[in-house]
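The following exercises are to be worked with the sequence and the model open side by side. Each task is followed by a solution in steps.

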Amino acid sequence: MSSSQELYNQLSEKLRELVPVKNSKQVTNWIWIIVGMLQSESCHLSQIANYLPMKSKASSRVTLLRRWLMNSHVKVWFFYKKVLEHVFAGWTSVSATIILDGVMLFGDRWQVFRVSLLHGNRAIPLAWTVVEGKGLVKVAKLKSMLEKVQRFLKKHVKEVLFLADAGFRDRDWAQFCTELSWSYGIRIACNTYLTLPNGTVDRLDRLVPENQNRYFQHALLTKEADWQANVSVTWTTDKNGNPEMVPVITNQTACRARLREYGRRMAIEQSFRDDKSGGFDLEHTRLQHAKRIDHRLLAVAIATLWCHEL
């Protein structure tokens, strides 16, 4: 028996048990896509096609994969939620740390945003969405995804800590986390204006000396001073070895513990690299249709869970 067939059998036994569908061929096709990803360590269709159990030409197998990825009968969240419920079986009243991250695809045509659960030093995909175009994304674009995550997690965890980098520095992200009853740790720009309780108004990079930690309670953010948060500041080094400020806003007390929590986000960068330029090489996918990207991300997510033996 080939290694691909053996892996297929293992995945088939597990997924058919978890995901009831009327058309079993849908599951068969998806399992072969996942097998191809795991075997080729790539999400490129030309690589996945090499592991399909058929003798047709490579171009024909790629065409078949594209057709599978456009299948309108595949309901991504219905499929994946069943798998997640198995992963979370037995989880009750625990604390969870989730991370929001984004990656550009096909040059700058698409952005994929993914919410992941911090599990050890790895990131386990919870949900994702595909947004057209580049640039900073507003809360409204991701609201549906985040609300879906909130509804799923509230059945399994007692509290959630949301972490995000400076790409999500708009105060609306902090406000939305509050609406979802989540704690948050969000990196902001070092030139953000703070209004301190003593009346001082200045930019963070002028308030904090280089390479020194600082903690500000009950600060008002931006020149408009329209959002109150606590701010913890530490330093790292950039790719050139120069000091780089890391300011993090939170709705918890600003202290060293907040910096340690945010530091855990940096510890799972390997998971994001696996999906982007390394591992499954998601960053260089050439798919041009949002539905195909969404469906491929389903396969990537299940492959990730399989790799972690969850």
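**Exercise 1. Is Cys190 buried, partly exposed or exposed?**

The model is predicted, so local features need pLDDT of at least 70 and side-chain atom pairs count only at pLDDT 80 or more, while totals for chains, interfaces and linings use all residues. Residues are numbered from 1 along each chain as its sequence is written, and side-chain values use heavy atoms, leaving out hydrogens and water.

Step 1. Apply the classes: buried means under 20% relative accessible area, exposed over 50%, and partly exposed in between (1.4 Å probe, protein chains only).
Step 2. Cys190 has a relative accessible area of 35%, so Cys190 is partly exposed.
Step 3. Cys307, at 48% relative accessibility, also counts as partly exposed.

**Exercise 2. Determine the strand order of the open sheet and identify its edges**.

Step 1. Strands (E, at least two residues) and helices (H or I, at least four) are DSSP runs numbered from the N terminus; two strands pair if DSSP finds at least two bridges between them.
Step 2. The ten strands of the open sheet follow the order 3-2-1-4-5-10-9-8-6-7, with mixed pairing.
Step 3. Strand 3 and strand 7 (201-203) each have a single partner strand, so one side of each lacks a neighbour in the sheet and both stand at the edges.
Step 4. Ignoring direction, neighbouring strands of this sheet are turned by 30 degrees against each other on average.
Step 5. Inspect two pairings. Strand 6 (residues 193-195) runs antiparallel to strand 8 (residues 214-221), joined by two bridges, and Thr195 stands opposite Leu220. Strand 8 pairs with strand 9 (residues 228-237) over five bridges, also in the antiparallel sense, with Tyr215 opposite Ser232.
Step 6. Strands 8 and 9 form a hairpin with six residues between them, and Thr222 in the turn has a positive phi of about 70 degrees.

**Exercise 3. Where does Trp182 lie, and what does it contact?**

Step 1. Trp182 lies in the loop between helix 7 and strand 5.
Step 2. Its relative accessible area is 4%, so Trp182 is buried.
Step 3. Contact means heavy atoms within 4.5 Å. Leaving aside neighbours within four places in sequence, the contacts of Trp182 include Leu146, Val149 and Asn251.
Step 4. Asn251 is 69 residues from Trp182 along the chain, with 9.0 Å between their C-alpha atoms.

Note on methods. Axes fitted to C-alpha atoms, helices over the stretch in contact; angles between N-to-C directions.
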